[in-house]
Amino acid sequence: MDLAVMVYQSCTTLPRSETYGLVSQLRRAATSVPSNIAEGYARRSAKEFIYFLRVARGSMAELETQLLLAQRVGYLPADEVADLQVRIDEVGRILNSIVAGLHRRLD
């Protein structure tokens with residue numbers, strides 16, 4: 001959730017012309033991460049939870065790409081993108097650990 005909040009805050013500095021473009025894409029990808037984690041957890045099945053955690057990882061990869069694009073076109077400063085990248089990496093490690101633990105339970 002913190003990552004999504006950080007992305008939403010960063011989006012406030014993007015040009016209005018990107019409201020339906022990059023801003024929308026960034027917000028959707030950022031929102032998708034905690035949403036997929038919650039949906040997978042609610043399924044109460046380890047296999048389904050793993051599936052949704054992987055979808056969340058895909059959304060993070062999409063988010064990372066969009067942030068790099070926003071930086072390259074001059075919409076976001078490099079230090080802000082670097083701070084977001086740190087959080088993306090942290091969430092990624094947590095998701096990897098959860099998936100590994102769930103796989104051990106299934107074996």
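Mentor: Let's start with one residue. Setting aside neighbours within four places in sequence, Asn36 is in contact with Phe52, Val55, Ala56 and Ser59. Keep in mind that this is a predicted model.

Trainee: Happy to begin there. In which helix is the place of Asn36?

Mentor: Asn36 sits in helix H2, which covers residues 22-42.

Trainee: How do I read its accessibility: is Asn36 buried or exposed?

Mentor: The general idea is a cut-off: buried means under 20% relative accessible area. Asn36 has 11% relative accessibility, so Asn36 counts as buried.

Trainee: With which side chain does the side chain of Asn36 make a polar contact?

Mentor: The partner is the side chain of Ser32, at 2.8 Å.

Trainee: How far apart are Pro77 and Thr12 in sequence and in space?

Mentor: Along the sequence, 65 residues separate Pro77 from Thr12, while their C-alpha atoms are 13 Å apart in space.

Trainee: Now for a helix pair. At what angle do the axes of H1 and H4 cross?

Mentor: Helix H1 (residues 2-11) and helix H4 (residues 78-106) have axes that come within 10 Å and cross at roughly 160 degrees. As a general rule, angles over 145 degrees count as roughly antiparallel. H1 and H4 are therefore roughly antiparallel to each other.

Trainee: Is the crossing of H1 and H4 left-handed or right-handed?

Mentor: The H1 and H4 crossing is left-handed. On the H1 side, the contact is made by Asp2, Leu3, Met6, Val7 and Ser10. H4 supplies Glu80, Asp83, Leu84, Arg87, Ile88 and Val91.

Trainee: Let's step back to the whole chain. How many helices and strands does the protein chain have?

Mentor: The protein chain has 4 helices and 0 strands, and along the sequence the pattern reads α-α-α-α. Its C-alpha atoms fill a box of roughly 50 × 25 × 20 Å along the principal axes.

Trainee: What percentage of the residues in the protein chain is buried?

Mentor: Of the 107 residues in the protein chain, 37% are buried. As for contacts with a separation of 6 or more, 67% involve residues 24 or more positions apart.

How values were computed: Residues numbered from 1 in each chain as written. Predicted model: local features only at pLDDT ≥ 70, side-chain atom pairs only at ≥ 80, totals over all residues. Heavy atoms only, no water. Axes fitted to C-alpha atoms, helices over the stretch in contact; angles between N-to-C directions. Helix = DSSP H or I, 4+ residues; strand = E, 2+ residues; numbered from the N terminus. Parallel < 35°, antiparallel > 145°, perpendicular 65-115°, else oblique. Left-handed = near helix turned anticlockwise from the far one by under 90°. Contact = heavy atoms within 4.5 Å. Buried < 20%, exposed > 50% of the residue type's maximum accessible area, 1.4 Å probe, protein only. Polar contact = N/O pair within 3.5 Å; in protein donor to acceptor, adjacent residues only side chain to side chain.
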